[in-house]
Amino acid sequence: MRIIGIDPGLARVGYGIIEIENERKILLDCGVIETGKDKKEEDRLYEIFQDLNELINHWNPTAAAVEKFFFYRSSTTISVVQARGVIMMVLASKKIHVSEYSPAQIKLTIAGSGKASKKDILDAVMYNLDLKNPPKPDDSADALAIALTKLNEDGFN
């Protein structure tokens, strides 16, 4: 099983790709898709579309986990929702099954508390993937936590 975890955003889309091999969780790749603030929004969304397609074509994940979006009163809310729509469209076009998780679900599953801190989540990601150094940037660590949530749900603890 190979899974891609995705932390949606317009400026930065975090991603993490994990494979299960002989009951071991192996980190294959993680990072961010970044879009420039100087570009028009439609160009930024298209960049996410292109880069995510390329990433999926390269790694061929069999499943995806995406963070659910909750409406916050912010000037970026609509942009993030649009970026998430592009992400969901790409995954659907590749026939990849998507599981969605709220931030509280991710925290509870990964760190044992729905109110876990960023550091608690990072520590849990590092422990689960046997990492010596924390994944950078934070968006990629968040994406790995999202992927691990799906794996835990599927019984890969």
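**Buried residues and salt bridges**

Trainee: Why is E47 called buried in this predicted model?
Mentor: E47 has a relative accessible area of 15%. Buried means under 20%, so E47 is buried.

Trainee: What makes the pair of E47 and K39 a salt bridge?
Mentor: Their side chains come to 2.6 Å, N to O. The rule asks for a Lys or Arg nitrogen within 4 Å of a carboxyl oxygen of Asp or Glu, so the pair counts as a salt bridge. K39 has 38% relative accessibility, which lies between 20% and 50%, so K39 is partly exposed.

Trainee: How many salt bridges does this rule give?
Mentor: The count is eight. Among them is the one between R84 and E100, at 2.2 Å from N to O. This pair links distant parts of the chain, with R84 in helix α2 and E100 in strand β5, 16 residues apart.

Trainee: Is R84 buried or exposed, and how do you know?
Mentor: R84 has 13% relative accessibility; this is under 20%, so R84 is buried.

Trainee: What makes D142 and K118 a salt bridge?
Mentor: Their closest N and O atoms are 2.7 Å apart, and the limit is 4 Å. D142 is in helix α5 and K118 in helix α4, 24 residues apart.

Trainee: Why is K118 called exposed?
Mentor: K118 has 54% relative accessibility, which is over 50%, so K118 is exposed. D142 has 17%, under 20%, and is therefore buried.

Methods: Residues are numbered from 1 along each chain as its sequence is written. This is a predicted model: local features need pLDDT of at least 70, side-chain atom pairs count only at pLDDT 80 or more; totals for chains, interfaces and linings use all residues. Side-chain values use heavy atoms; hydrogens and water are left out. Buried means under 20% relative accessible area, exposed over 50%, partly exposed in between (1.4 Å probe, protein chains only). Helices (H or I, at least four residues) and strands (E, at least two) are DSSP runs, numbered from the N terminus.
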